[in-house]
Amino acid sequence: MVRYLIRPAVIPAWSAMLFVLLLAAFPAASLEASIRGLSIWWQVLFPALFPFFVISELLLGFGIVHFFGRLLDPLMRPLFRLPGIGGFVVTMGYASGYPVGAKLTAQLWEQGLVNRAEGERLVAFTTTSDPIFLIGAVSIGFFHNPALAPVLAAAHYGGGLLIGFMMRFHDRQDEPTAAAKTNPTAGRRKSRLAEAVRAMHEARLLDGRAIGKLLQDAVQAALRLMIVVGGLVVVFSVIMELLTKGGVIGAIAHMLNGVMGLFGLPFSLSEAVVTGLFEVTLGAKASGTAAGAALVHQAAVAAFILSWGGLSVHAQAASLLSRTNLRYTPFLIARLVHGCIAMALVYLLWNSLGPTV
């Protein structure tokens, strides 16, 4: 009996050959998609993310992260089984959006401030959309309905916190980091602020870089990361255009109609779901412009897409975590579950937080 084995490396090889053929068949469309992706990166992502990347580098160098770590340890440890330093990542990740949470988690791992299990828990629920994109781009720009922002925000960020609580049961056999286990001021509220200031001072002395050098390193590191983000955005923009021109997106959307029918979702949203699986911006836009669908279904699909993040965001997070030992599978599962939870929360919260008109 002859067994034919397909090696995993053969699949990417065939995929690459397919995209080369599609590039040759649709050169003009590929060029337009590249320009469109570059425009999104330069006009939207660069001004939105670059300052946060620089600031996060500076805060690490100044020891601010260690300050929050010592201060928030009593809150983060019982809720999420994370050291207090994870509170800084939660704040920055929710405020600035993907992929800042992955970037900061990778930095904490490199400095030995979180272990693998803690890093996987942390990045699982800090990879979210930023409020400006959720309110300005999605609610106002795509849906033309500012009243949609409260229910989308509650479903997206509330679902993220639920994922964080659920992830506390992930890898329960791990040993917490030394910083989380040894806290000499535990239970003494008066001295916790002083201990946080002392931890910040010690971290600053350990870093040792002058302010000018620290700023230079922060800008250079942020620029390198922005180039990676921009390259991935352009690549996925071209991939989406080629798959659309080749009829792949339409075929997948047609196959998805049966699944969506089981959940009572209109077929007009199938293309938005498929597009959102690859790229969050295009998927959210498609959900807002889908014809023949009730607003509650459009919002639920948009919440799923925002929480899933799209494979473009997944690729950005994977590239940032490639220097660590953090696994991609827990991140993938968390993003999928987050999408389903956010979608369900839209339906649950619609009567109380949804638009009245």
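Helix 13 (residues 270-278) and helix 14 (residues 280-289) pack with their axes 6 Å apart, at an angle of about 165°. That makes helix 13 roughly antiparallel to helix 14, a label for angles over 145 degrees. Axes are lines fitted to C-alpha atoms, for helices over the stretch in contact, and angles run from 0 to 180 degrees between N-to-C directions. The crossing of the two helices is left-handed: the near helix is turned anticlockwise from the far one by less than a right angle. Helices are DSSP runs (H or I, at least four residues), numbered from the N terminus.

This is a predicted model, in which local features need pLDDT of at least 70, side-chain atom pairs count only at pLDDT 80 or more, and totals for chains, interfaces and linings use all residues. Residues are numbered from 1 along each chain as its sequence is written, and side-chain values use heavy atoms, with hydrogens and water left out.

Turn to the charged pairs. Side chains of opposite charge can pair when their charged atoms come close. A salt bridge here is a side-chain nitrogen of Lys or Arg within 4 Å of a carboxyl oxygen of Asp or Glu. The whole structure holds eight salt bridges.

One of them joins arginine 116 to glutamate 120 (4.0 Å, N to O). Both residues lie in helix 6 (residues 116-126), four residues apart, about one turn of the helix. Glutamate 120 is buried, at 1% relative accessible area, whereas arginine 116 is partly exposed at 31%. Buried means under 20% relative accessible area, exposed over 50%, and partly exposed in between (1.4 Å probe, protein chains only). Arg116, Glu120 and Arg327 are linked in a network of salt bridges.

Aspartate 217 has salt bridges too. Arginine 209 pairs with aspartate 217, the closest N and O atoms being 3.0 Å apart. Lysine 213 meets aspartate 217 at 3.3 Å, N to O. Lysine 213 and aspartate 217 are separated by about one helical turn because they sit four residues apart in helix 11 (residues 211-245). Aspartate 217 counts as buried at 17% relative accessibility. Lysine 213 is partly exposed at 42%, and arginine 209 is partly exposed at 27%.

Phenylalanine 88 lies in helix 4 (residues 86-96). Its relative accessibility is 6%, so phenylalanine 88 counts as buried. Phenylalanine 88 and leucine 59 are 29 residues apart in sequence and 10.0 Å apart in space, C-alpha to C-alpha.

Leucine 262, in helix 12 (residues 248-262), counts as exposed at 73% relative accessibility.

Note on methods:
Angles under 35 degrees count as roughly parallel, over 145 as roughly antiparallel, 65 to 115 as roughly perpendicular and the rest as oblique.
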